[in-house]
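Here are my notes on the charged pairs in this model. Please read them with the coordinates open.

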Amino acid sequence: SVSKTADVASVPEPGGVVTFTVVVGNDSVEPVTLTSLSDVVGAGTAVDVTSLDTTCVLPQVIAVDGVYSCTFTVAVSGNAGDSVGDVVTATAIDDDDNEVTADGSAAVAVTDVGPTITVDKVGTTESLEAPGGPASFTVTVTNTSPEPVTIQSIRDAVGDLDIDVTEVAGPVTETTCSVGSILAAAGQEGDTYECTFTLTITGNEAAEVTDVVTVVATDDEDNEVTADDDATTNLTPVADLAIVKEVDGSPGIGMSVVYTLTITNAGPSAAVAPIVTDQMPQFLTATSVTAEGWECEITAEGRTVTCTTDALASGESATIVVVATVADPGNGNPIVNTATVGSPTPDPDLTNNTDTVSVDVVPTVLEPAASPTPSIPRTGQNLRGWLVAADALLILGIALLLIKPALLVRRGH
């Protein structure tokens, strides 16, 4: 007779190692010699037990009513729900070489094991300037379960978007990812799957954009497993600031001149802590500055005008009015004045952050001094000078009358 027992009642799929104990009893009236033990697992072929990991040693003489016991270890495999039978067959002979065989069996159940995978996601685009652009990612799926799994879906979540990255559509511009790939059991060749995809990430302000890739896989019993991993892309804000400076009229020396500064932000991001500087040249002295919502000051004895504010949103503009007093440049040249705008927020175009205007100074025209108008003395004034002049003229006239007849007599000769 043969009896057989297993050290475990079940093994997890797809199988495991089981140790069986075999007991062979002599039920005859004379001793027998045990000559062989063979074992068949499931639908497999018979194997000599002594070739396995075993304590069985043959041949063995078994006395009447005696037993021989030994153990051996074999691998039992199957799908979840299987009951794998194991049959051992013993052969013995008596002293007349009469042969007898008997067998014993045991069954081991194969229990279901859920699939397991890991997902690793790596971003190859660390940062993007606003308003964003393409970002590429590499996804690696590894099967960590003892049986093959099949990838059913690969999706990526960015904010409120849930995207199928196996198709080029929507924000996905490139992909090598696909479904249906079969990953071999853990530790075997082909137990990993890798793909890449590129999608467009958008945003106007500074942000860490985290997107999560999720992979779903199933085993041969349709047990489902889900795993995910994330990667972060940094968005860097960009603000295109510009300034235009205008002057009103051509002032005269000592008069005031009015400058109008218009600051705009073409975005796409808000400009943080913008600052406007208007450096007064020689012959200009700033006397006042006004700008709604901005803090302005005049320093360096009227030579420097500075205005700041917390932020200038994309698409917004601001106006700053500067009034300055004009001095005489002395050389007839116009007065040139430059203003600039800047911000800690990166600016993609610095060519429009400065503007310069010139103003002609109207010279001051001096009127000639008026000549004095002679006047006739009024009654009561000193007439001595006038009387002396009148007497001189009278004497001169009498002299001319006396000289004229003498000249005529001489010409008659």
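The points below cover the salt bridges, then one aspartate and its surroundings.

1. The model is predicted. Salt bridges in it come to 6. Side chains of opposite charge can pair when their charged atoms come close.

2. Start with lysine 4. Its side chain meets that of aspartate 39 in a salt bridge, at 2.6 Å from N to O. Lysine 4 sits in strand β1 (residues 2-6) and aspartate 39 in strand β4 (residues 32-41), so the pair ties together parts 35 residues apart in sequence. Both residues of this pair, aspartate 39 and lysine 4, are buried.

3. Lysine 4 also forms a salt bridge with aspartate 86. The closest N and O atoms of this pair are 1.3 Å apart. Aspartate 86 belongs to strand β9 (residues 83-93), 82 residues from lysine 4. Relative accessibility is 6% for lysine 4 and 0% for aspartate 86. Lysine 4 therefore counts as buried, and so does aspartate 86.

4. Taken together, Lys4, Asp39 and Asp86 are linked in a network of salt bridges.

5. Now aspartate 211, in strand β19 (residues 207-218). Its side chain meets lysine 121 in a salt bridge, 2.1 Å from N to O. Is aspartate 211 buried or exposed? Buried, because its relative accessible area is 0% and the cut-off is under 20%. Lysine 121, at 4%, is buried too.

6. What else does aspartate 211 touch? Leaving out residues up to four places away in sequence, its contacts include Phe137, Asp156, Asp229 and Asp230.

How values were computed. Residues numbered from 1 in each chain as written. Predicted model: local features only at pLDDT ≥ 70, side-chain atom pairs only at ≥ 80, totals over all residues. Heavy atoms only, no water. Helix = DSSP H or I, 4+ residues; strand = E, 2+ residues; numbered from the N terminus. Contact = heavy atoms within 4.5 Å. Salt bridge = Lys/Arg side-chain N within 4 Å of Asp/Glu carboxyl O. Buried < 20%, exposed > 50% of the residue type's maximum accessible area, 1.4 Å probe, protein only.
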